[in-house]
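Colleague: Could you take me through this structure step by step, as I am new to it?

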Amino acid sequence: MSLDRSVGGNGRAEDVPVVLKPRSDVEYGTARRRSKGYFTFGEPAKALLETYDEMNECGLFLDLLYGAPAWSLLLQHWRTRYDGNNNNNNNNDHGNSDCPIAGRQVMYVHSGGLEGIASQLTRYKHKGLIDARTIQLS
């Protein structure tokens, strides 16, 4: 509450930032299931590459160590905002009440790391997740 009040808020619990956790209803595969849905830091993963590509197509350039894992987790929740019984037909932007970002503003702080993309993509090549031509085009 003190964080909220220190920036002029009224101290409501729903105004305090939420730290997102991996959703329990998503199939992560064996390795991520062992880590409760979290990625192993620095380990190339197909899901991270897919998020990296998707966000690049949207004009948001991410690194593969911090940015892609953060957005992968954010998108899990973002895509479920209107799932379930709440179809958001009344335009109140609250969506699914089980979604921690429903009805909230989302702020992502891009912390850099873009200069390391070439070496990160090389690691993905060695894991067989992309080919050399893809690295040259990135």
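**Helix 5 and beyond**

Modeller: In helix 5, four residues are buried, namely Ile117, Gln120, Leu121 and Tyr124, where buried means under 20% relative accessible area, exposed over 50% and partly exposed in between, with a 1.4 Å probe and protein chains only. Helices are DSSP runs of H or I with at least four residues, and strands are runs of E with at least two, numbered from the N terminus. This is a predicted model, in which local features need pLDDT of at least 70 and side-chain atom pairs count only at pLDDT 80 or more, while totals for chains, interfaces and linings use all residues. Residues are numbered from 1 along each chain as its sequence is written, and side-chain values use heavy atoms, leaving out hydrogens and water.

Colleague: Is Gln105 buried or exposed?

Modeller: Gln105 sits in the loop between helix 4 (67-78) and helix 5 (117-126). Because its relative accessibility is 83%, Gln105 counts as exposed.

Colleague: What is the angle between the planes of Phe41 and Tyr66?

Modeller: Rings of Phe, Tyr and Trp (its six-membered ring) pair if their centres lie within 6.5 Å, and planes under 30 degrees apart count as stacked, over 60 as edge-to-face and the rest as tilted. By this rule there are 2 aromatic pairs. One of them is the tilted pair of Phe41 and Tyr66, with 5.5 Å from centre to centre and an angle between the planes of 50°.
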